[in-house]
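Please examine the sequence and the model first.

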Amino acid sequence: MARKNKFDYFEAYEKLSELAVRESELLLESFKSFTDSASLVSTLEDIHELEHQGDDINHSIFQNAAVDFMPPIDREDIVELAQALDNVLDNVEAVLQQVYMCDARVMPEDAVRFAKLVKKSCEALDKAMEDFRNFKKSKTFKQLIVDVNTYEEEGDALYLSAMRNLHTKEDVDVMHVLRWSRIYSRIEKCCDACEHAADVMNTILLKNL
């Protein structure tokens, strides 16, 4: 009897990180072309569809990890990385939801810069994920993880600068300050989520040397 094809966890992770990149691209496009919050509805639907695809992939990962006789890495690590990538997808979607729910009226330049950084973070994570299946032999994997961490540090600096500008240069409208304080905090979590996923990958590397 022919053996059933073994589930490819690494391929599933790659699909999740690719979805994160696509979400970040939609986020940046919506910020660059922003007119008003009502115009975000179609993009919200598109991003939600990508997030839903991620949920389906995660469900497959969890199902297979539960019954796999010899998974390529520890089950706990399989689940933790899947959850970390799911968190990236959730956070990027949540940014646009926050802009819509808060009924943002304008799009600050700092917000566009932040969206560009989120895209870079997701792309760096995706590039590291492409090399993840070869992490034991790869000569570039460690540096790719460092790249993700570097963008998170840039995110911290940009958050500090954006919040400073918000409270010193854009403080005429109190509601504007309140809205974007919440939105910037949400955007920063995207970079944090990418870093956490990269840290999980790095931990898996160290455990399997």
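Predicted model: local features only at pLDDT ≥ 70, side-chain atom pairs only at ≥ 80, totals over all residues.

Reader: At what angle do helix H1 and helix H4 pack?

Author: Helix H1 covers residues 9–32 and helix H4 covers residues 109–132; helices here are DSSP runs (H or I, at least four residues), numbered from the N terminus. Axes are lines fitted to C-alpha atoms over the stretch in contact, and angles run from 0 to 180 degrees between N-to-C directions. The axes of H1 and H4 lie 9 Å apart, and the packing angle is about 165 degrees.

Reader: Are H1 and H4 roughly parallel or roughly antiparallel?

Author: Angles under 35 degrees count as roughly parallel, over 145 as roughly antiparallel, 65 to 115 as roughly perpendicular and the rest as oblique. The angle of H1 and H4 is about 165 degrees. The two helices are therefore roughly antiparallel.

Reader: Which side chain meets Arg-133 in a salt bridge?

Author: A salt bridge is a side-chain nitrogen of Lys or Arg within 4 Å of a carboxyl oxygen of Asp or Glu. For Arg-133 the N to O distance is 3.3 Å, and the partner is Asp-8. This pair links distant parts of the chain, 125 residues apart: Arg-133 is in the loop between H4 and helix H5 (141–168), and the segment before H1 holds Asp-8.

Reader: How many residues apart are Asp-74 and Lys-207, which also meet in a salt bridge?

Author: The side chains of Asp-74 and Lys-207 meet at 3.7 Å, N to O. Asp-74 is in the loop between helix H2 (41–67) and H3, while Lys-207 is in helix H6, so that the pair links parts of the chain 133 residues apart.

Reader: Is Asp-110 buried or exposed?

Author: Buried means under 20% relative accessible area, exposed over 50%, and partly exposed in between (1.4 Å probe, protein chains only). Asp-110 meets Arg-113 in a salt bridge of 2.4 Å, N to O. Arg-113 is partly exposed at 41%. Asp-110 has 4% relative accessibility, and therefore counts as buried.

Terms used
Residues numbered from 1 in each chain as written. Heavy atoms only, no water.
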